[in-house]
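Please look through the structure shown here before reading on.

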Amino acid sequence: MFDKSNLLNELRPRLEENREMLAEWFEQKRAQYPSPLYGSVDIRDSGWKVAAVDINAFPAGFNNIEEDDLQRLVGPIRHWLDNEYPGSQLVLLWPESNTRNPGYAENILVIKRLIQSAGRECRVGSVELADFAEIEALSGHLSLSPVTRCPDGVLVNGQRPDLIITNNDLTNGKIPSGKIPVAPPQGLGWFQRRKSNHFRVVQPFIDEVAKLLEIDPWVLGTHWFVSEDKCLEQEICRKTLAKEVDDCLDMLREKYRSLGIDSKPKLFVKNDSGTYGLGIIEISSGDELLNLSKRKMNKLTYGKGGAEVIDFLIQEGVPTRLKWRDYVIEPCMYSVGGDVDAWFYRANNKKGTLANLNTPSTRFIAPSKLEMDEGGKEALQHASGWHTLVAELALLGLSAEYAELEN
């Protein structure tokens with residue numbers, strides 16, 4: 001039996017000994033799929049498993065990346081633009097309509113700077129923000145350009161952009177792009193994308209890598225299933241779902257026992273189509289699902305912008321053993337062009353090791369700050385190992401989602 005705190009450490013030699021083989025495997029797989037413009041991955045490391053628990057196709061938060069890492073992103077974004085849209089000169093960056101969120105506006109400023117550093121002219125704006133000349137960012141003002149509809153799509157400052165880059169998760173549907181190319185593909189917007197679809201397409205990759213390393217694929221991912229068609233609003237369906245929850249928890253308890261893990265498994269119930277940490281609750285039994293309070297039900301069914309929540313992802317909860325001072329932390333990886341490029345850490349001293357850390361009380365910690373703390377150093381030790389591996393797998397899954405849209 002492995003102790004719960006060192007299973008990944010016990011298995012680490014297999015990862016180290018097979019780095020070259022894994023690099024060749026990833027190179028072969030990536031050649032088969034489109035390269036994502038960008039993406040972010042939230043990772044949980046419990047000591048006995050490491051898993052990507054959330055993958056964003058339209059990531060905000062670039063403003064939390066250290067300056068040195070941002071400089072390293074210029075090359076990848078230039079390479080991606082030169083390869084995918086070599087004739088593009090005027091780029092329209094289409095943001096969310098978060099006019100009251102200076103942190104988000106700062107994220108847009110950073111993305112704009114990266115695009116400009118890659119040799120493109122970049123304007124920021126959208127049809128929804130047409131009445132705004134600027135919005136407040138953390139470091140100053142973000143200037144907005146007027147965007148108007150035209151028969152062929154949109155114009156920015158009266159000009160037709162060569163490319164639209166969206167940093168808008170498209171919860172409310174597609175933008176009026178007409179014949180102008182859009183990246184990432186609009187089909188990845190939350191108006192139709194499902195979290196469960198990502199976990200479906202990534203699982204074969206996890207299984208292959210686990211076989212190469214001769215480890216249990218459970219160590220590299222989460223167990224999950226989906227509740228569809230407003231099941232929580234139907235009594236008979238909720239009872240069936242509650243039994244599925246109990247069966248899943250029983251399976252996880254047996255898994256814990258077999259590995260000597262002294263912990264109680266829990267599940268997260270999430271909006272299968274959404275972001276911003278909205279619509280998430282934690283449960284430890286089917287009865288909890290049957291007896292949800294009105295407050296919890298409202299929390300669970302609240303979607304971004306009041307969007308109706310129909311399907312729910314029920315996902316194995318992965319506690320984090322990583323700490324920095326009195327904060328529990330989780331790694332966040334940011335990518336351009338499908339590579340693992342930059343890290344920062346979500347930190348929260350008001351939440352427990354299993355809780356959703358994506359709340360207003362969260363801080364974002366740069367790797368350089370972690371180096372000054374023993375707990376932080378331990379987290380960084382895994383960044384180049386297990387954390388990078390599951391991030392690479394998640395990005396490969398995102399590429400597979402791109403490919404499905406093209407077919």
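**Salt bridges, a buried loop and the cores**

The side chains of D82 and R120 meet in a salt bridge, with 2.9 Å from N to O; a salt bridge here is a side-chain nitrogen of Lys or Arg within 4 Å of a carboxyl oxygen of Asp or Glu. This pair links distant parts of the chain, 38 residues apart, since D82 belongs to helix α3 (residues 67-84) and R120 to the loop between α4 (102-117) and β4 (121-124). Helices (H or I, at least four residues) and strands (E, at least two) are DSSP runs, numbered from the N terminus. D82 is partly exposed, with a relative accessible area of 38%, whereas R120 is buried at 7%; buried means under 20% relative accessible area, exposed over 50%, and partly exposed in between (1.4 Å probe, protein chains only).

The model is a predicted one, in which local features need pLDDT of at least 70 and side-chain atom pairs count only at pLDDT 80 or more, while totals for chains, interfaces and linings use all residues. Residues are numbered from 1 along each chain as its sequence is written, and side-chain values use heavy atoms, with hydrogens and water left out.

By the rule for salt bridges, the count comes to 22. Another of these pairs is E401 and R193, whose side chains meet at 2.9 Å, N to O. Because E282 lies in strand β13 (residues 280-283) and K266 in the loop between α6 (235-259) and β12 (267-271), the pair ties together parts that are 16 residues apart in sequence. E282 is partly exposed, at 27% relative accessibility, and K266 is partly exposed at 28%. Salt bridges that share partners also join D42, R44, E330 and R346 into one network.

S88 counts as buried, at 3% relative accessibility, and, leaving aside neighbours within four places in sequence, S88 is in contact (heavy atoms within 4.5 Å) with R120, D162 and L163. A polar atom of the S88 side chain also lies 2.7 Å from the backbone oxygen of Y85.

Strand β3 (residues 90-95) holds P95, which is buried, with a relative accessible area of 4%. Among the residues in contact with P95, beyond four places in sequence, are Y104, I108, V124 and N167.

What of the nonpolar interior? In soluble globular proteins, nonpolar side chains tend to be buried together. The largest nonpolar core has 65 residues, of which L220, W386 and L389 touch the most other members; such a core is a set of buried Ala, Val, Leu, Ile, Met, Phe, Trp, Tyr and Cys residues joined through side-chain atoms within 4.5 Å. Helix α10 (residues 374-406) gives the most to this core, with nine residues. Apart from it lies another core, of 51 residues, including V110, L114, I164 and C332. Not counting residues up to four places away in sequence, L389 touches L15, L22, F26, V209, L213 and L220.

L15 also belongs to helix α1 (residues 7-17), where L7, L8, L11 and L15 are buried. These residues lie on the same side of α1, because they cover an arc of only 75° around the axis, the arc being that of the directions from the helix axis to the C-beta atoms.

Key:
Polar contact = N/O pair within 3.5 Å; in protein donor to acceptor, adjacent residues only side chain to side chain.
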